[in-house]
Amino acid sequence: MWKKNLWTPLSPILRRRFPSFSLNSTLNIPSSTIFSSPCSSTAQYSRVFWSSSYDFLGSLKFSRKLCSAQSAEQVHVRCWNCKAAAQTTPFLACDSCRSVQPVDPSVDYFQIFGLEKKYELEDNNLEGKYKDWQKKLHPDLVHSKSEEEKEYAAEQSARVIDAYQTLSKPLARAIYILKLEGVDFDEEQTISDISFLAEIMEIREAVEEAVNSETLLQIQSQVQEKLKHWSQSFSNAFQSGKFEEAVISVQRMTYYVRVNDEIMKKL
Ligand SMILES: [Zn+2]
């Protein structure tokens, strides 16, 4: 029973396929896991696979500059309604007439919140920035506007929600920043490390057999230590451009996150 659950794909939404990317020639990763145009994807997938409440934002240290060439396209953007030049980057809503702007898929999630593209997030006030955007983009604010602008607001608001949910969770953030590098994470790729699978099985059995919250919390503490370890491993591998190692770390994180979710359900 546990094994079946263990191998269940996270979500079909995660398995969106993209055209091949140049990294395919240098990485030993199946072509189906590679996609192109890391700065232009509008894939929305994060909310489906990490529901846990814990987090360890800010515990990792590295910085990587990505997608720097695309900002030039935004220089001459104007409001579709009042024609005022874009006052902010990214330009999601006009400060002059308050019109919500069409989605620009070249703007990535880090740019939405004015963040440097890196796995580590510290003192970022992500939640505050998210709430600020929703005050400007929420569909309720444009209920009396044109159908066109209602559509813009619905799309922008949904995208900001997805961006927030993606960046606020380490696993989702790791997968997303890999994607920006052109490396897709394939949840169907099996792990062949027997000792790791045995460890996961033992933890899951311990969770199933736990009879009180104290025991569950002890197990959860160990699981979260494992998550921090693999998160750090991901950070190191990603910073070094070792994307295969980074993917392995994300795979491990995925298993521990699932176990943590099981613990949360029992608590
Ligand atoms: Zn305007």
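**Exercise 1.** Determine whether E120 is buried or exposed, and find its salt-bridge partner.

*Solution.* E120 has a relative accessible area of 5% and is therefore buried, where buried means under 20% relative accessible area, exposed over 50% and partly exposed in between (1.4 Å probe, protein chains only). The side chain of E120 meets that of K118 in a salt bridge at 3.8 Å, N to O, the term being used for a side-chain nitrogen of Lys or Arg within 4 Å of a carboxyl oxygen of Asp or Glu. K118 is likewise buried, with a relative accessible area of 16%.

The model is predicted, so local features need pLDDT of at least 70 and side-chain atom pairs count only at pLDDT 80 or more, whereas totals for chains, interfaces and linings use all residues. Residues are numbered from 1 along each chain as its sequence is written, and side-chain values use heavy atoms, with hydrogens and water left out.

**Exercise 2.** Work out which parts of the structure the salt bridge between K136 and D95 ties together.

*Solution.* The side chains of K136 and D95 meet at 3.9 Å, N to O. K136 lies in helix α3 (residues 126-137) and D95 in the loop between α1 (2-7) and α2 (109-112), so the pair ties together parts that are 41 residues apart in sequence; helices here are DSSP runs (H or I, at least four residues), numbered from the N terminus. K136 is partly exposed at 39% relative accessibility, and D95 is partly exposed at 42%.

**Exercise 3.** State how many salt bridges the structure holds, and describe the one between D108 and K117.

*Solution.* The structure holds nine salt bridges. In the one formed by D108 and K117, the side chains meet at 2.8 Å, N to O, and both residues are buried.

Technical notes:
Helices (H or I, at least four residues) and strands (E, at least two) are DSSP runs, numbered from the N terminus.
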